[in-house]
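Have a look at the sequence and the structure first, then read on.

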Amino acid sequence: MITFHDIKELLTALKREEKLLAEMFSKRKSLDYKVSDAIELVDYDEARIEFLTGRGVIRENAGFLELDDQYLEFFEQVLDVNEEINLSYIDENIKSIKEHIDYFLNETNENRKYGYLKFIKKTFRKIGVVTLRSVVDLRRNIENTFKNEPNYKNKQLKLENLDGKRSLVLRLIGQTLSLLDEEERTFFNRALDEELKRIIVELKLQLREASHNLIEIEKQIIDYLNQIKHQGKFIEKLRKLKYLKDHFTIVAETDIKSVLGRQNLVIFEPRTTEPLKLSLNLLRENEQAFASIKRIAKNYLNRKFFQPELADSISDEYLENAVEEEVMINLEEVKNRFTATGDQLFNFIMNYDFLKEVSFKERVTLFCQLVSQYEQELQIKEEFLTTKGVEYAIVYSK
């Protein structure tokens, strides 16, 4: 594989193919990005696609294109949209710091000691950033799993695995704090300067914030698991009852009659209204009641009573039965199906089957209606794409 000669050539290539790379990144969760779709974005110049493929920016497989894992991971981390939580990175940084502390304590040359110290400072800064990002990714994955995973068993299993990652993050935070406060006192006594002191203070604040968020995440996971357990039991009972009902054995094999007989539900009974009647003695003797009567009577002084006019008889043609069917678009249903996918909203609407012919202009109108009506449930990016002369924002589900 050919590599880029320098950073300038890399940035130039990424800038030249920004339309193609942006489109492929927005559809990174789709497995059907065809080469024929990419040709239009490179002005029908296949050599430009071959240039990116030869340098490992994108990969081609059986007529489909996808971003290389290295570039995909870079874009996701920079844009803070990655879903994978790499906790080994924090653990490796802790081990690397301990190694460089030993190097620092054994070194006698000041220049090399400064190099080890510089590496330690840089790694401490990375630990704080990576830890906070891991906590954010963990919370997002938990919410996405609970909302979008249709299989109850997999949903429960994924939440339990995410809870294990939460415990691992908490353990890594404890190891970092132990390193700062207990394990390497000799190093901090020798090497502590103003910059390192500032970095340590900032790192402790980041770790404290992450710890507080992990407490909330633990409560959230427990709540989600309890909901799943409750829903699972309810659905299981409902399935058993439906099975018995379909086989006409529900009365014989259950105590449903006695259970319903013990219920005293009045929710479906008609509600009776009992008007409040004031006492005649109160109306005659109470001055406040008399003042209220006079105030109400003023509203009826100038009221005219009209004799209602009788309408003409309804024509027989209006009474004839006429049935007209029309397929209506349910925005709530479209929104719910969209949240269950990882696609962006505009592309989802363009490919959605509405069970009737919907023009491109009408689909654009539906896109605007969904964004306007469910703005709080959507994640609107500050990036824009253009399709058939229509410029639109990239929108994902939260």
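**The overall picture**

Keep in mind that this is a predicted model. The protein chain has 17 helices and 4 strands. Of its 398 residues, 31% count as buried. If you take the contacts in the protein chain with a separation of 6 or more, 63% of them come from residues 24 or more positions apart.

**Helix 17 and what it packs against**

Let's begin with helix 17, which has 14 residues. From its first C-alpha to its last, helix 17 reaches 20 Å, close to the 20 Å expected at 1.5 Å a residue. Arg363, Val364, Leu366, Phe367, Leu370 and Val371 are the buried ones to look for in helix 17. They cover an arc of only 160° around the axis, so they sit on the same side of helix 17. Turn to the face pointing away from that buried side and you'll find the exposed residues Lys361 and Ser372. And what do the buried residues of helix 17 pack against? Their partners are helix 15, helix 16, strand 3 and strand 4.

**Helix 8**

Helix 8 covers residues 152-183, which makes 32 residues. At 1.5 Å a residue it should span 46 Å, and its end C-alpha atoms are 44 Å apart, which agrees. Several of its residues are buried, among them Leu159, Leu162, Val169 and Ile173. Lys155 and Arg166 are also on the buried list of helix 8.

**Charged pairs**

The model has 14 salt bridges. Here are three of them, with the gap between N and O.

| Salt bridge | N to O distance |
|---|---|
| Lysine 15 and glutamate 18 | 3.4 Å |
| Glutamate 17 and arginine 16 | 3.1 Å |
| Lysine 335 and glutamate 377 | 2.9 Å |

Glutamate 377, at 38%, counts as partly exposed. Some salt bridges share partners, and in that way Arg16, Glu17 and Arg48 are joined into one network.

Now for the two pairs near the start of the table. Is glutamate 17 buried or exposed? With a relative accessibility of 1%, glutamate 17 is buried, whereas arginine 16, at 40%, is partly exposed. Over in the other pair, lysine 15 counts as exposed at 55%, and glutamate 18 counts as partly exposed at 41%.

**Rings, and charges over rings**

There are 8 aromatic pairs. In one of them, phenylalanine 346 and phenylalanine 367 have ring centres 5.3 Å apart and planes at 75°, so the pair is edge-to-face. This pair links distant parts of the chain, with phenylalanine 346 in helix 16 (residues 345-351) and phenylalanine 367 in helix 17, 21 residues apart. Both phenylalanine 346 and phenylalanine 367 are buried. Another pair is phenylalanine 348 with tyrosine 352, where the centres are 5.3 Å apart but the planes are at 45°, so this one is tilted. Phenylalanine 348 and tyrosine 352 are buried too. Ring pairs also gather Phe346, Phe360, Phe367 and Tyr392 into a cluster.

Arginine 16, from the salt-bridge network, lies over the face of phenylalanine 51, 5.3 Å from the ring centre. Lysine 155 has its charged end over the ring of phenylalanine 146, 5.1 Å from the centre.

**Two loop residues with positive phi**

Finally, take a look at two loops. Phenylalanine 248 is in the loop between helix 10 (194-246) and helix 11 (250-253). Its phi is near 60°, a positive value in a residue other than glycine. Is phenylalanine 248 buried or exposed? At 77% relative accessibility, phenylalanine 248 counts as exposed. Lysine 388 lies in the loop between strand 3 and strand 4. The phi of lysine 388 is near 55°, again positive in a residue other than glycine. Lysine 388 is exposed, with a relative accessible area of 68%.

How values were computed
Residues are numbered from 1 along each chain as its sequence is written. This is a predicted model: local features need pLDDT of at least 70, side-chain atom pairs count only at pLDDT 80 or more; totals for chains, interfaces and linings use all residues. Side-chain values use heavy atoms; hydrogens and water are left out. A salt bridge is a side-chain nitrogen of Lys or Arg within 4 Å of a carboxyl oxygen of Asp or Glu. Buried means under 20% relative accessible area, exposed over 50%, partly exposed in between (1.4 Å probe, protein chains only). Rings of Phe, Tyr and Trp (its six-membered ring) pair if their centres lie within 6.5 Å; planes under 30 degrees apart count as stacked, over 60 as edge-to-face and the rest as tilted. A charge sits over a ring if NZ of Lys or CZ of Arg is within 6 Å of the ring centre and within 35 degrees of the ring normal. The expected span of a helix is 1.5 Å times one less than its number of residues. The arc is that of the directions from the helix axis to the C-beta atoms. Contact means heavy atoms within 4.5 Å.
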